[in-house]
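Please open the structure in your viewer and keep the selection tool at hand. The stops below say what to select next and what is found there.

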Amino acid sequence: RTAHPATFAKTSNGSVNSMGVFCEQEMVRFNKLIIVISKSLKMLKKAIKGLVVMSSELEAMHQCFLFQVVPATWENAAYPSLKP
């Protein structure tokens, strides 16, 4: 969740190098996705155990796992990618 300190080191004129800016933007996007995935997996685990009610969203996620498809919740939280 963090990067090496040299990644965000300031240059001699006081600006952050372009790699640092890029890495920060990617980390923010990826950390948001990790949070969504973690929360949804915890809720699905509880729903399968019967501790919470299995919502239609959790049911759809479970079906996606059975058919080896990325759940729509995760796709919506993910940032755009050109990879199939």
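The structure holds 1 salt bridge, a term that here stands for a side-chain nitrogen of Lys or Arg within 4 Å of a carboxyl oxygen of Asp or Glu. Select glutamate 26 and arginine 29, which form this bridge with their closest N and O atoms 3.0 Å apart. The two residues are separated by about one helical turn, because they stand 3 residues apart in helix H1; helices (H or I, at least four residues) and strands (E, at least two) are DSSP runs, numbered from the N terminus. Glutamate 26 counts as partly exposed at 22% relative accessibility, and arginine 29 counts as partly exposed at 38%, where buried means under 20% relative accessible area, exposed over 50%, and partly exposed in between (1.4 Å probe, protein chains only). Side chains of opposite charge can pair when their charged atoms come close.

Before going on, please note that this is a predicted model, in which local features need pLDDT of at least 70 and side-chain atom pairs count only at pLDDT 80 or more, while totals for chains, interfaces and linings use all residues. Residues are numbered from 1 along each chain as its sequence is written, and side-chain values use heavy atoms, with hydrogens and water left out.

Next, select Leu44, Ala47, Leu58, Met61 and Trp74, the 5 residues that make up the largest nonpolar core; such a core is a set of buried Ala, Val, Leu, Ile, Met, Phe, Trp, Tyr and Cys residues joined through side-chain atoms within 4.5 Å. Helix H1 (18-49) and H2 are the elements that give two or more residues to this core. If you then centre on methionine 61 and leave aside its neighbours within four places in sequence, you will find it in contact (heavy atoms within 4.5 Å) with Ser40, Leu44, Pro71, Thr73 and Trp74.

Leucine 66 lies in helix H2 (residues 56-66) and is exposed, with a relative accessible area of 53%.

Now select glutamine 68, whose place is in the loop between H2 and helix H3 (72-77). Although glutamine 68 is not a glycine, it has a positive phi of about 55°, and its relative accessible area of 76% makes it exposed. Most residues other than glycine have a negative phi.

For the cysteines, select cysteine 23, which counts as partly exposed at 22% relative accessibility, and then cysteine 64, which counts as buried at 18%. With a disulfide taken as a pair of cysteine sulfur atoms within 2.5 Å, the count comes to 0 disulfides.

Finally, select lysine 10, which lies in the segment before H1 and counts as exposed at 60% relative accessibility. Not counting residues up to four places away in sequence, lysine 10 touches Ser15 and Val16.
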